[in-house]
Amino acid sequence: MTDTARARKLADRIRVVVAETLQRRIKDPRLGYVTITDTRVTGDLREATVFYTVFGDDEERAASAAALESAKGVLRTEVGRQTGVRFTPSLTFVPDALPDNARTIDDLLARAKEADAQVRESAAGANYAGEADPYRKPGDEDEAGSEA
């Protein structure tokens with residue numbers, strides 16, 4: 001049976017170790033502004049997936065991905081040294097989709113705002129199809145009964 005609490009603690013520790021090592025020890029010029037966003041470890045503690053984001057364009061993202069792949073051995077060694085687990089998990093770096101999802105949501109919200117503005121604009125000069133107040137009031141029943 002796997003201990004998910006232990007896997008979570010190890011994942012948090014790996015995230016911190018990788019971030020600190022990238023900041024202090026890795027001096028690859030291809031490495032841009034990389035942020036380690038999340039880390040997940042399998043239940044058997046053998047594989048760790050490290051999610052990251054890169055500030056910049058597609059070229060900088062590709063260069064940072066290559067730099068992370070080339071620094072994988074140094075990072076894994078540092079993770080093994082600082083965590084003290086029997087088997088050091090293998091590291092897999094995956095670009096995080098969070099910025100793309102956030103950009104998509106922002107675009108959808110902008111389109112919804114434009115649609116709301118168009119509806120508000122078309123409703124500004126509109127008139128009611130029937131009476132302005134279509135609901136019956138208590139005094140109206142007497143008038144309707146006397147007319148019939």
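Threonine 39 has its bridge partner in β2, and that partner is valine 50. This is a predicted model, so keep that in mind throughout.

Now the strands around that bridge. β1 covers residues 33-41, and β2 covers residues 47-55. They pair in the antiparallel sense, over 8 bridges. Together they form a hairpin, with 5 residues between the strands. Look at leucine 45 in the turn. Its phi is positive, about 60 degrees.

Next, the core. The largest nonpolar core holds 23 residues. Which of them touch the most other members? Ile14, Val18, Leu22, Leu75, Leu91 and Phe93 do. Two or more residues each come from α1 (4-24), β1, β2, α2 (58-70), α3 (72-83) and β3 (90-95). The largest share is from α1, with 7 residues.

Take phenylalanine 93 from that set. Leave out residues up to four places away in sequence. Phenylalanine 93 then touches Val18, Val50, Tyr52, Leu68, Glu69, Lys72 and Leu75. Val50 in that list is also the bridge partner of threonine 39.

On to the helices. How do α1 and α3 pack? Their angle is about 125 degrees, and their axes are 9 Å apart. An angle of 65 to 115 would count as roughly perpendicular, and over 145 as roughly antiparallel. So α1 is oblique to α3. The crossing of α1 past α3 is right-handed.

Last, the contacts between these two helices. On the α1 side we have Leu10, Arg13, Ile14, Val17, Val18, Thr21 and Leu22. In α3 they meet Leu75, Glu78, Val79, Gln82 and Thr83. Ile14, Val18, Leu22 and Leu75 are also among the core residues that touch the most other members.

Conventions:
Residues numbered from 1 in each chain as written. Predicted model: local features only at pLDDT ≥ 70, side-chain atom pairs only at ≥ 80, totals over all residues. Heavy atoms only, no water. Pairing = 2+ DSSP bridges. Helix = DSSP H or I, 4+ residues; strand = E, 2+ residues; numbered from the N terminus. Core = buried A, V, L, I, M, F, W, Y, C linked by side-chain atoms within 4.5 Å. Buried < 20%, exposed > 50% of the residue type's maximum accessible area, 1.4 Å probe, protein only. Contact = heavy atoms within 4.5 Å. Axes fitted to C-alpha atoms, helices over the stretch in contact; angles between N-to-C directions. Parallel < 35°, antiparallel > 145°, perpendicular 65-115°, else oblique. Left-handed = near helix turned anticlockwise from the far one by under 90°.
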